Amino acid sequence: MPGAKPAAAPMKVAQVPNPGADFQIVERDIPKPDLGQVRIQVQACGICHSDVLTKEGQWPGIQYPRVPGHEVVGVIDELGAGVSGWKQGQRVGVGWHGGHDNTCLSCRRGDFRNCRNLKIPGISYDGGYEQYMVAPIEALVPVPDTLRDAEAAPLLCAGITTFNALRHSGAMPGDLVAVVGIGGLGHLGVQFANKFGYRVAAIGRGSENAALAKKLGASLYIDSSASPAEALQKLGGAQVILATAPSSRLMSALFDGLAPNGKLMIIGVTSDPIEVTPVQLITGSRSIQGWAAGTPADEEDTLRFAELTGVRPMIETYPLERAAEGYARMMSGAAQFRVVLTM
Ligand SMILES: [Zn+2]
Ligand SMILES: [Zn+2]
């Protein structure tokens, strides 16, 4: 038909139609970037355990259908109005930090990580389980050329969380740092801790992870079922225990493995209470802290550090069409160690 506009090209997305429902692969029109946004042709998107928030409707106010995904790597293919400093064809990533309002008290203090109106890709707006994604520029991070798409993606949530928690933990080179759990977070935590110059004690269940933990950079391996706090005390006590395994019981049991002024740094998400007495905290002035991801500037530091030192996630990849299978694999806990969708 002369003069007729061609129909907008469709794209494939893996969406959650309703809380708790199965994934659907559907076609949608390719979205247009709005003011201050870019459109990204997605190349890879990690599947994170936090995607359960979207899948099962565990975050208040999510609108459905919703496309999960906050470990996104791709190429900018269109700029919205008012965008400067980013260009078409540029490789970028989008992590957990999906945008901030610049106006709340935390933002006015420069603490964008704790914005009261923090946006999260895949929760506040559609994330990376799709061929094209729109994101605000304050969520973007440039991706170094030497990092492959599928390897860079998990660094934008699992990577930055372990990297940022460790570098803000107060541990110094040479300190004994325990990384608890050899999984999606822990296998990166061990690598970063090694490259930061710590003496790394990896703590895992059973003995089967010992060889892998040492290959990743642990100086020693402790079986979590065999009095791990005592084992740490025999080594002088840990300056930092990075708890990646989502077990409050194990976190409680490990607390007495801390050295004086030591810190239990928590990034493993669970809703069960940790049991520690005031006496335990006061003796040796020991503390507990939680940590959540970081800003795109922190993501940039993470990617550059990984590029510099060779830290890489171990991944299993699935094509976008098999998102449900990839998600189930992640949920099974059997993946070695991060599942990544490729487009
Ligand atoms: Zn995540
Ligand atoms: Zn804010």
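Which residues have the most contacts inside the largest nonpolar core? I went looking and got Val177, Ile241 and Leu242, in a core of 97 residues.

**Ground rules.** This is a predicted model, so I kept to the cut-offs: local features need pLDDT of at least 70, side-chain atom pairs count only at pLDDT 80 or more, and totals for chains, interfaces and linings use all residues. Residues are numbered from 1 along each chain as its sequence is written, while chains are lettered from A and ligands numbered from 1 in the order in which they are written.

**Core.** I noted what counts as a nonpolar core: buried Ala, Val, Leu, Ile, Met, Phe, Trp, Tyr and Cys residues joined through C-beta atoms within 7 Å. Buried means 20 or more other C-beta atoms within 10 Å of a residue's own; exposed means 12 or fewer, and partly exposed lies in between, with C-beta atoms placed from the backbone. Strand S3 (residues 37-47) gives the most to this core, with six residues. I also checked the domains: the core draws at least three residues from each of domain 1 and domain 2. In general, nonpolar side chains tend to be buried together in soluble globular proteins.

Next I looked up Leu242. Leaving out residues up to four places away in sequence, Leu242 touches Ala165, Leu166, Val177, Ala178, Val179, Val180, Gly189, Met265 and Ile267. Contact here means C-beta atoms, placed from the backbone, within 7 Å.

**Domains.** I have domain 1 as 10-154 + 294-342 and domain 2 as 160-290, with bounds from an automatic or database domain assignment. Their centres, taken over C-alpha atoms, are 28 Å apart. The contact uses 13 residues of domain 1 and ten residues of domain 2. On the domain 1 side, helix H10 (residues 296-309) gives the most, with five residues. By class I found five nonpolar, five polar and three charged residues on that side; Ala, Val, Leu, Ile, Met, Phe, Trp, Tyr, Cys and Pro count as nonpolar, Asp, Glu, Lys and Arg as charged, and the others, Gly among them, as polar.

**Overall fold.** I read off eleven helices and 15 strands, which are DSSP runs numbered from the N terminus (helices H or I, at least four residues; strands E, at least two). The radius of gyration is 21 Å, close to the 20 Å that the globule rule gives for 343 residues, so the protein is as compact as a globular protein of that length. That radius is taken over C-alpha atoms, and the rule is 2.2 Å times the number of residues to the power 0.38. The C-alpha trace spans about 80 × 40 × 40 Å along its principal axes. I get 49% of the 343 residues as buried.

**H5 and H4.** Helix H5 (residues 186-195) is mostly covered, with nine of its ten residues buried, among them His187, Gln191 and Asn194. Its buried residues pack against helix H4 (158-167), strand S8 (176-180), strand S9 (199-204), helix H6 (210-216) and strand S11 (238-243). Just after H5, Gly197 takes a positive phi of about 90 degrees.

H4 also has nine of its ten residues buried, including Thr161, Phe163 and Asn164. I see the buried residues of H4 packing against H5, S11, strand S12 (258-266), H10 and strand S15 (338-342).

**Asp34.** I ended in the loop between strand S2 (24-29) and S3, where Asp34 is found. Asp34 counts as partly exposed because it has 13 C-beta neighbours inside 10 Å. Val83 is 49 residues from Asp34 in sequence and 9.6 Å away in space, C-alpha to C-alpha.

Technical notes. Contact = placed C-beta atoms within 7 Å.
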